[in-house]
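Open the model in your viewer and keep the selection panel at hand.

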Amino acid sequence: MRQGGPNEPPAFERVGHVQLSMPPAAEDDMRHFYGTVLGMTEIAKPPVLARRGGAWFRSGRVEIHLGVEREFRPARKAHPAIQVGDVDAMATRLASFGTDVEWDGTIPNVRRFHVRDPAGNRLEFLQPER
């Protein structure tokens, strides 16, 4: 639905997907982390994109696309923030797979933590406090 006058841009509805990079030949480690550890479902990439490597994953309405970058360097601060229904359960699950969970209490009324995927990409999981 359009908001405002004719010169106003349409309102954003949701993020279609988040694109993260990974180094070449890291697909197996990334499939384990995103598929097994996070419990996301791998979705097929279009054939023209599949030839480039990488992998795409979905859970609920969240999609993460992993693309191969030859001179890959993980961002130190940039990250997707993924809201979950039970942040404590997600932290427990990640820790049970040996993933380091770093809690961050700096935002009032939000429970959140950060982890790193096998390539070093930073991910945030959060749940607003009720």
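Start with the open sheet of 4 strands in the order S5-S8-S7-S6, whose pairing is mixed. Strands here are DSSP runs of E with at least two residues, helices are runs of H or I with at least four residues, and both are numbered from the N terminus. Two strands pair if DSSP finds at least two bridges between them. Strand S5 (81–83) and strand S6 (102–104) stand at the edges with a single partner strand each, so one side of each has no neighbour in the sheet. From one strand to the next the twist averages 30 degrees. Axes are lines fitted to C-alpha atoms, for helices over the stretch in contact, and angles between N-to-C directions run from 0 to 180 degrees.

This is a predicted model: local features need pLDDT of at least 70, side-chain atom pairs count only at pLDDT 80 or more, and totals for chains, interfaces and linings use all residues. Residues are numbered from 1 along each chain as its sequence is written, and side-chain values use heavy atoms, with hydrogens and water left out.

Now select S7 and S8, which run antiparallel and are joined by 7 bridges. Within this pair, the bridge partner of Arg116 is Arg122 in S8.

Val110 and Glu129 are 19 residues apart along the chain, and their C-alpha atoms are separated by 5.3 Å.

Next, select Asn121, in the loop between strand S7 (110–116) and strand S8 (122–128). Is Asn121 buried or exposed? It counts as buried because its relative accessibility is 6%. The classes are buried under 20% relative accessible area, exposed over 50% and partly exposed in between, with a 1.4 Å probe and protein chains only. A polar atom of the Asn121 side chain lies 2.8 Å from the backbone oxygen of Ser21. Show the surroundings of Asn121: leaving aside neighbours within four places in sequence, its contacts are Leu20, Ser21, Met30, Phe72, Pro74, Val115 and Arg116.

Move to the other sheet, also open, with 4 strands in the order S1-S4-S3-S2 and mixed pairing. Its edge strands are strand S1 (18–22) and strand S2 (41–43), each pairing on one side only. Neighbouring strands are turned by 30 degrees against each other on average, direction ignored. Strand S3 (residues 55–59) and strand S4 (residues 62–68) run antiparallel, joined by 5 bridges. In this pair, Trp56 stands opposite His65 in S4. Helix H1 (residues 27–37) lies across S1, S2, S3 and S4, at about 0 degrees to S3.

Finally, select the whole protein chain, with its 3 helices and 8 strands. Along the sequence the pattern is β-α-β-α-β-β-β-α-β-β-β. The C-alpha atoms fill a box of roughly 50 × 40 × 25 Å along the principal axes. Of the 130 residues, 35% count as buried. Among contacts with a separation of 6 or more, 52% are between residues 24 or more positions apart.

Notes
Contact = heavy atoms within 4.5 Å. Polar contact = N/O pair within 3.5 Å; in protein donor to acceptor, adjacent residues only side chain to side chain.
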